[in-house]
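Biologist: I am new to this structure and would appreciate a guided discussion of it. May we begin once it is displayed?

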Amino acid sequence: MPVIINQISGRLDESEESVIEKAIRVVGLKMNDVVKSGINKVSLDARKRNNIHFVYSVYVEVGDKKTENKLLSNKQCRLVTDSKINPVFSGEQKNGEIVIAGFGPAGMFCGLVLAEYGYRPIILERGSDVDTRIKDVTDYWSGGRLNVDSNVQFGEGGAGTFSDGKLTTRINDPLCRYVLEKFHEFGAPEEILVKAKPHIGTDNLRKIVKAIRCRITELGGKVIFNSKLDDFVLKDNRITSVIYNKSEQIDADAVVLAIGHSARDTFEMLMNKQIFMQPKPFSVGVRIEHKQTAVNESLYGEYSGNPLLPVGEYQLSHRNSEGRGVYTFCMCPGGHVVPAASEENTVVTNGMSNFSRDGENANAAVVVSVSEKDYGSGVLDGVEFARMIEKNAYLTANGRKTAPATTVRGFMNGEPSLKSNIVSTYDRGLHKCDFDKIFPDFVTDMLKTGIASFSRKMKCFSDGEALLTAPETRTSSPVRITRNESMNSVSVENLFPCGEGAGYAGGIMSAAVDGVKTALAIMSKFGR
């Protein structure tokens, strides 16, 4: 079994071979003790500008158990995480289908695992296949009409398809490695298996989600696009069938809700069916755009421009004395700010990068945490709070197709302005706006506090010409569809809330992991 040796420093120009030899020496081994070795993970440590370096973990396989045990007695070493899954299969005969609502990361990985282990899931996706979806999205971005079912939020691959494709997560779960290996199997660059902060990019994701769908269908599963879950039939506390597109019906043994954080109409349907849900904290705010060179200089100082360094990215946070947080989220190096609405007469923004991250600007969400104390304790009060902000933003446009925006200087001084040396990447254009017309006071006050705090940590945040585009409201689901330890809804025994829309994930990786766990739970209860 490979052993991981952690915390090995390497110069920017140091070869991997040199790093591996260093790791082997550090733990008291000789090269001839090692049967196999390589780089496990690499991250950049840029905390001190006079000592920017890489930090590696190295894997080694040794020839005998005695040497392996000696290694594992060293606190710098650990066994490699096993990436295999071991399903437990139920002998219960299925009477109906396993239906998955949603083909974002959670629904996609749930469907993939089920299909690869002999099940034939039926996946309903309200949006279009990725090729059609790209046409719908680009038409909207260029000033055309919004397709409310095929947009940045809905369609093959979910909201993550139009993002930076980050595969970082705060969860520490062995299934993360399984998900990374699957992404690589379906076309992601091999580097995602090694980098501590892997990303795929929207350009790669569009190909990968299509490849995963093809595998599911090759194995006998179905993915039905332009098919919205409208209702389901309950009998004796179980779903017996699901209804989609108002009249189509499928007999169901199990139903997975992998609906994504923007399925507001589905949340309303669930509430009407008395499925237990709870309001959940989320965050709202703006997108900030800097020149990527300014971000690099803020992070790397005199090392900025070194071709051995990755494109600069950051993650910043601040909490006030009352415990409210403001933080950066979904940072997109070399990326674009994109129109991301899914409802008529609203404005929503998001961020996106290609794998190369070679655009002139960097952007990130700067968002403020909100909870029931801000918007009310009703199950869907958070949905209405976010919708109010999106509609306010639309109203400030006075019939134009543009998004409300201002420079940082204009925002901080209360005098909105678009005079900037930064060219916005938002395709539908900007109009200058006082953000007090969009957000409650506590949000704008906290945004100002956060920008001031971040400017003390990164020089680029003190640039008054940085652009702020509003609003960012789809950071995570405003509700949680409550489930028990067996992954079942507490209301219906064969309903499986899953992923980000159900309130159990926050990004591509954690949603995909939740999808895998849901598939394993289904396999333990329903036979093939």
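**Aromatic rings, helices and loops**

Modeller: In this predicted model, one aromatic cluster is formed by Phe282, Tyr375 and Phe385.

Biologist: How many aromatic pairs does a search of the whole structure find?

Modeller: The search covers the whole structure. Two rings of Phe, Tyr or Trp pair if their centres lie within 6.5 Å. The number of aromatic pairs found is 12.

Biologist: What is the geometry of the aromatic pair of phenylalanine 454 and phenylalanine 461?

Modeller: Phenylalanine 454 and phenylalanine 461 are both buried. Their rings lie 5.6 Å apart, centre to centre, with 80° between the planes. Planes over 60 degrees apart count as edge-to-face, so the pair is edge-to-face.

Biologist: Why is the pair of phenylalanine 496 and phenylalanine 526 given its class, and which class is it?

Modeller: A pair of aromatic rings is described by the distance of the centres and the angle of the planes. For phenylalanine 496 and phenylalanine 526, the centres are 6.5 Å apart and the planes stand at 75°. The pair is therefore edge-to-face.

Biologist: How many residues apart are phenylalanine 496 and phenylalanine 526, and which parts of the chain do they link?

Modeller: The pair links distant parts of the chain. Phenylalanine 496 belongs to strand 22 (residues 495–497), while phenylalanine 526 is in the segment after helix 13 (508–523). They are 30 residues apart.

Biologist: Is phenylalanine 496 buried or exposed, and is phenylalanine 526 buried or exposed?

Modeller: A residue counts as buried under 20% relative accessible area. Phenylalanine 496 has a value of 0%, so it is buried. Phenylalanine 526 has a value of 4%, so phenylalanine 526 is also buried.

Biologist: Where does the charged end of arginine 483 sit, and how far is it from the ring centre?

Modeller: Tyrosine 504 has arginine 480 over its face, at 5.5 Å from the ring centre. The charged end of arginine 483 sits over the ring of tyrosine 504 as well, and its distance from the centre is 3.8 Å.

Biologist: How are helix 5 and helix 13 oriented to each other?

Modeller: The axes of helix 5 (residues 175–185) and helix 13 come within 9 Å and cross at roughly 105°. Angles of 65 to 115 degrees count as roughly perpendicular. Helix 5 and helix 13 are therefore roughly perpendicular to each other.

Biologist: Which strands do the buried residues of helix 8 pack against?

Modeller: The buried residues of helix 8 (residues 292–300) are Gln292, Val295, Asn296, Ser298, Leu299 and Tyr300. Just after helix 8, glycine 301 takes a positive phi of about 60°. The buried residues pack against strand 2 (34–45), strand 12 (282–291), strand 14 (325–332) and strand 17 (361–370).

Biologist: What is the omega of the peptide bond from alanine 470 to proline 471?

Modeller: Proline 471 is found in strand 20 (residues 467–472). The peptide bond from alanine 470 to proline 471 is cis, with omega near -10°.

Biologist: What phi does aspartate 236 have?

Modeller: Aspartate 236 lies in the loop between strand 8 (229–235) and strand 9 (238–244). With a relative accessible area of 67%, aspartate 236 is exposed. Although aspartate 236 is not a glycine, its phi is positive, at about 55°.

Biologist: What phi does glutamine 274 have?

Modeller: Glutamine 274 is in the loop between helix 7 (264–272) and strand 11 (277–279). Its relative accessible area is 69%, so glutamine 274 is exposed. Glutamine 274 is not a glycine, yet it has a positive phi of about 60°.

Methods:
Residues are numbered from 1 along each chain as its sequence is written. This is a predicted model: local features need pLDDT of at least 70, side-chain atom pairs count only at pLDDT 80 or more; totals for chains, interfaces and linings use all residues. Side-chain values use heavy atoms; hydrogens and water are left out. Rings of Phe, Tyr and Trp (its six-membered ring) pair if their centres lie within 6.5 Å; planes under 30 degrees apart count as stacked, over 60 as edge-to-face and the rest as tilted. Buried means under 20% relative accessible area, exposed over 50%, partly exposed in between (1.4 Å probe, protein chains only). Helices (H or I, at least four residues) and strands (E, at least two) are DSSP runs, numbered from the N terminus. A charge sits over a ring if NZ of Lys or CZ of Arg is within 6 Å of the ring centre and within 35 degrees of the ring normal. Axes are lines fitted to C-alpha atoms, for helices over the stretch in contact, and angles run from 0 to 180 degrees between N-to-C directions. Angles under 35 degrees count as roughly parallel, over 145 as roughly antiparallel, 65 to 115 as roughly perpendicular and the rest as oblique. Contact means heavy atoms within 4.5 Å.
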